[in-house]
Amino acid sequence: MSWLLDGLLIVSLLVTAVAVLLSRDLFRAVVMFMAFGLLMALAWVRLQAPDIALAEAAIGAGLTGVLLLDAVSHFQRGRLREQPPGEEG
Amino acid sequence: MSLTALLPILALLSSLLAAVVIFALPESSHRLRTLVNLLAAVLKLGIVAAMTWGVFRGVDFSVSFSMLPGVSFMLRADALAMLFAGLSAVLWLLTTIYAVGYLEDSPNRSRFFGFFSLCVASTMGIALAGNLFTFFLFYEMLTLSTYPLVVHRGTARALQAGRNYIIYTLGGGVVLLLGIAWLHGLAGDLAFRETGHFQSVDPALHGQLTLVFVLLVAGLGVKAGMFPVHGWLPQAMVAPAPVSALLHAVAVVKAGAFGIVRVVYDIFGIDFAYRQGLLEPLAWLAAFTVLYGSLRALWQLDLKRRLAFSTISQVSYIILGVTLFGPLGTVGGLVHLLHQGIMKITLFFCAGNYAETLGVHRVDELDGAGARMPATSIAFTAAALGMIGVPPLAGFVTKWTLGAGALAAQMEWVVLVLLLSSLLNAAYFLPIVYRLWFLPVAAPWPEERRWGRLETNAWLFWPPLVTMLLLVLVGLLAPTAFSPLSWAQLIAVRMYLP
Amino acid sequence: MRRLLVLVSLAACTALTIALALAVLVAAESAVVSELPQQLAASLGRSGVEHPTTAVLLNFRSYDTLLEIGVLVIAGMSGISLASTRSLEDPALRSSDVLLYALQRWFVPLMLLLAAYLLWAGSHRPGGAFQAGAVLAATGVLMRLGGLPMAFIRPGVLLRLGLVLGFAVFLLVAIASALAGEAFLAYPPGMAGGLILAIETVLTLSIGMILLALFVAAPVSAEHEPEEGGGS
Amino acid sequence: MSPDLLYALAGVGLCGIGLAGFLLLDHLLRRLLAFNLLGSGVFLVLVGLAQHRGGPDPVPQALVLTGIVVAIAATALAIVLIRRYFHLTGRTSLADAGDGQS
Amino acid sequence: MAGLLFTPLAWAALSLLLDFRRGRWLSWLGMLIQVLVSLSLWFAVAGGGGFFYALAGWEAPLGIALRVDGLAVSFVLLTAAVATACGVHAGVYLDPGKSWQRYFWPLFWFLWAGLNGVWLGADLFNLYVGLELISLAAVGLVALGGEAAALRAALRYLFAALLGSLAYLLGVALLYGQFGTLSLTGIAGVVGATEPAAALALLLMLAGLALKTALFPLHGWLPPAHGIAKSPVSALLSGLVVKASFYIAARLWLELGDRLGSQLLAQGLGALGAAAVLWGSWRAFRQPYLKQVVAYSSVAQIGYLFLLFPLTYAVAEPVSRLAQQGITLQVISHALAKAAMFLAAGNLILSVRSKRVDALGGVSHFLPFSLFSFGLAGVSLMGMPPTGGFAAKWLLLQASLASGQWWWIAVLLLGGVLAAAYVFRIYRASFLEDSVSDDFYHPPKTLEAIPMILALLALGLGLVAEPVLSVLALPFEVAAGVTAVQP
């Protein structure tokens, strides 16, 4: 059972990681990254490292995610402002 | 620290400190700078005289300390060192006087005299170096400190000449460094010793040692202006006259020739070089350079360029003397180190005087200058005759000794080279002398300047006369005990009779 | 050309991954047994805290932690050095979303409480300054997004004091013990527990402050251009 | 094979993915994401491999905590730099900026 | 005593609270203290031998120990000298009117602290944190001011530094996983001859550190970062910062290389170093901007350092020692000379108000002092006697000859010639008197004096190389094993 859980977790970690890098939309990539952070937190729990799990959840997924999201929205605002309407943003 | 260790250091410091002081002086303090220059020059002359006397009496002046693992910095005054040190101390004083006059109101004098002093400090270091490593140290310092002098005028031509100068000399320095490092790897830290180090050496090393010899001579040959690597010398003529004088008579080319003397006698030992057959090819190369330089000089219209090619030819006399196995050849080579310096510096002083006083740079503009500038022209004539080898002047002593050395070494063809070269010397010097004295003034001088009573500025007037006097004296007094010839004999005796 | 480069890079990454995996497998088989866990267990009693991770972070390897806080301070001040406006407040964010505002009134105290708990828990169970600091920063982010005014977020001396406070207190303790004749960073016997808690408290504040400042410093508004150029 | 080792191997995989992303992506934010993935992978290797034999080991866990904080510091600083760079130049990548300074 | 070396952290914290001018006074005072402390530590070690210093009272492997030996304290002293010079220069050079300049001092002090941490570090993970501290502080210094080009350079630098650190950390993870300790001496004690995992770990660490040291072909980030930063910052970065990662690589190699390295790796690293020497020099020769010339020269000079690897692998003990001494001298002399060169370049730029090389015409007329400093530093970079650069080159030549690896001789000699080419290009430009303008700004005397002092130190290093090396080579074994907690 636990093997299954570990295996599933690892597979989804790797899949999310690839998804982070391959997703075309930056916003989506960041959301995937936050999901990845949460999965990492789970992995740390499985590794009996609750301290890291807490930190990962708070810092890795939470704060980094917010920072990145903020940046992405800034980029998109910047794009909209710069480029004339009609062109792809 | 004892006096014997202190004196070589003082000889170095006298000009090194002068350089530092001069760099620090503001551009405008002309008098103070001149004073420092002259004081340092006189002081150095005194120190060198004292040391020469000491060496003659058999005192050992040496100082050394470890610089790097296995390598020491070593200053040592032997007879050969004093020959070169004496030459540069005397000529530096005269060149300094000359330079003060020559650069009277040109810009950047602080820079000029600073590097000038550094240059002489390097030369002194080269003379007093006690091992190859120390020699190399000052040899490279000389390269660097002459560059600003060569490009002093800051024109495109001067910069171009400086570029070529630095390419040639740094290239030579690299080859030399390779040779020195290799030799150090083979044999360790070698101090200069009158009999050399390889009188008995493992035959297995002969191949490598021969290669090292070739590297060392090739590296030194660049500064000595030997045939395929002489190209920088005529170009460097764009420098101001005192710099040319320094380059040709005292510092740069002499450093190369002196280095070859050191390598052949004091590192490898003349015996080793002779037995390995290293001397013969060098002799051919030197002989070729002698003739080649003279031939090229024939066609030069620019006075300083003609003198430059003459230098290429004359310095190889020294190398030629070195390659003649036997005391007489050695004496001829060594004494020419000094004689050529005195004669060539006279010629450059005079050329500088013509340029500064009359604005004349070309040979064909010199017609009738003898009447306008008799003292300078007399000096020029004497030096030219000396170069040709007219007795009893300095050049004659050299050529005679060299010829005798060649016969002793059973290399008769060298005598032929000497004769041919003298003919060529006559062919490019006598027309100038003829123009000076026997042709009427063809055209007004390009830029004439007058300085009251004397034919030229007093700072420029006296140095060539003094050197002329010297070149007559060393020739006339050659047989006496205190002549350069006797000194060279002293050195040769120590080299051949351990 | 570009495609080739991509392929080569991918191949290199794959090769490296395989090599690494093999290395991990080999290393896992190695016979060297570390004495570190035993040593750690034996020394835990003298560390002043019960939770081993906290003991490692704030006692055994406290030098690492000190430098790490230094890294945070560097990032924080580099961030605010680039901030373009005098006030780091963003008026555009001072929204009047009623729902968010109401949410905050409940959320903020709750999160502060959580941070305090994490901090306190650190000495004997999972938790500690980093986690608490992160929660604190997250609270700040929330407040900012919700438009609560935060007067202290100005690049003034107060902000800088906040940034450096945790680091400074930590360093002060370290230097004080060095001056008192102990090793640098060593706690005086018997005071380790209390000092660690004190250090963690200020660290929490500073970590929260730094992360928040970095979040706040990031935006650049077009209206306030900083002067450009410098000495050279 | 213990689960810890499995996680270490997963970490290796993440390293590979992260490195590939770091090398191949131009967009600065995406590179930053890749860097964070790579970092997570390294942390997993560090803890997983160390715990493979001896069970939970607080030392590597503490190291990873330190590492995470360093990583967030670097990430946050990078975001500030990237945003400002974007603000001044309108660019989101370092490629072909053409200002002659290669 | 060793504790006082952490006071840079204290200066960093204090100066963050002050503005630029007050921070300057504090920092100048701090520098004075720092130099005195470093000197006294140096003399203490020179007299009494090296020791381990257990931080927080916990000895390795549980705690973190500092390795205080001749080499480390010499680098601490070097850092004190170069950083003080840069700090004094910066205090005058930087424009105090800009509000962001206040962050210069804390970043500067953090950088200093990080450097000291790396010199003394003996714990692999602690070295990682130290490296990150240095990298982030350096990036912060480059980005200070926030111009677009500076940001671009800073980002490039940051990404390279982060990737390098992670590669290093991955190696640390593997080593810890295998040996269960982070202490370098501990690992060196247990590592065997054939350990493929550890060998890969070493490879990863060396690769990461090479990236941070800007070894060809991973050097792309260096010239923009060093060329764009303000001159005192460039001097710090080129003089000291890149040496930190190299220092770790060298320590790793000397402790573990004989068992975990291979001839291929050693020669490969040497070959990359050689390529760096040639390529960097050539690029330096072609640069239109003065500081870019100096920055590319750093790429070239760093290349020499990597000759350490082939010249210490599988060679006789005396040869290896020659190579180590040569590399140490190269590190020191390059630090002094390059710092002098960047500071002098800053003065020249300030004076002609242009960053271009061809704007220097006639500067030899008006600013001979700075030009002279630049030239003297250049002499050391060329490896001309009697400078420290020459001493280094000489020792490396001897090591190459003695180990029969003659191909490095060509690199050493050619590198010197190429260095001469780019240095003389600057002289040439400055000696040209065609278009002399009188419109030169005269920088304050302090600015002119500092590069001269550094250049003279680089010059004098060659003359006193022997005594310096004797302290560096102090037998650490005196106190090794006995983990003496410092008095």
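Analyst: Let's start where chain E meets chain C: 58 residues of chain E are in contact with 49 residues of chain C. Two residues are in contact here if their C-beta atoms, placed from the backbone, lie within 7 Å. This is a predicted model, in which local features need pLDDT of at least 70 and side-chain atom pairs count only at pLDDT 80 or more, while totals for chains, interfaces and linings use all residues. Residues are numbered from 1 along each chain as its sequence is written, and chains are lettered from A and ligands numbered from 1 in the order in which they are written.

Which parts of chain E build the side that touches chain C? Helices H1 (7–16), H4 (104–120), H5 (124–143), H6 (148–179), H8 (196–213) and H14 (317–352) of chain E each bring at least two residues to that side. Helices (H or I, at least four residues) and strands (E, at least two) are DSSP runs, numbered from the N terminus. H5(E) gives the largest share, ten residues. By class, this side of chain E holds 38 nonpolar, 15 polar and five charged residues. In that count, Ala, Val, Leu, Ile, Met, Phe, Trp, Tyr, Cys and Pro are nonpolar, Asp, Glu, Lys and Arg are charged, and the others, Gly among them, are polar. Of the six pairs of chains in contact, chains C and E share the most contacts.

Leu133(E) is buried, with 27 other C-beta atoms within 10 Å. The cut-offs are these: a residue is buried if 20 or more other C-beta atoms lie within 10 Å of its own, exposed if 12 or fewer, and partly exposed in between, with C-beta atoms placed from the backbone.

Now cross over to the partner. Chain C has eight helices and zero strands, so to read its elements from the N terminus on is to read α-α-α-α-α-α-α-α. Of the 232 residues in chain C, 48% are buried. Among contacts in chain C between residues at least 6 apart in sequence, 78% join residues at least 24 apart.

Not counting residues up to four places away in sequence, Leu83(B) touches Leu334(B), Leu337(B), Leu338(B), Trp487(B), Ala488(B) and Ile491(B).

Chain E also meets chain B, through 26 residues from chain B and 30 residues from chain E. Strand S1 (61–68), helix H5 (132–150) and helix H6 (156–187) of chain B each supply at least two residues of the chain B side, and H6(B) brings the largest share, twelve residues. That side of chain B has 18 nonpolar, five polar and three charged residues. Chain B does not contact chain C: their closest C-alpha atoms lie 27 Å apart.

Finally, a few backbone details in chain E. A cis peptide bond, with omega about 0°, joins Phe216(E) and Pro217(E), and Pro217(E) lies in the loop between H8 and helix H9 (222–228). The bond from Pro385(E) to Pro386(E) is cis as well, with omega near 0°. Ala56(E) has a phi near 60°, a positive value in a residue other than glycine. Ala56(E) is found in the loop between strand S1 (51–54) and strand S2 (65–68) of chain E, and is buried, with 24 other C-beta atoms within 10 Å.
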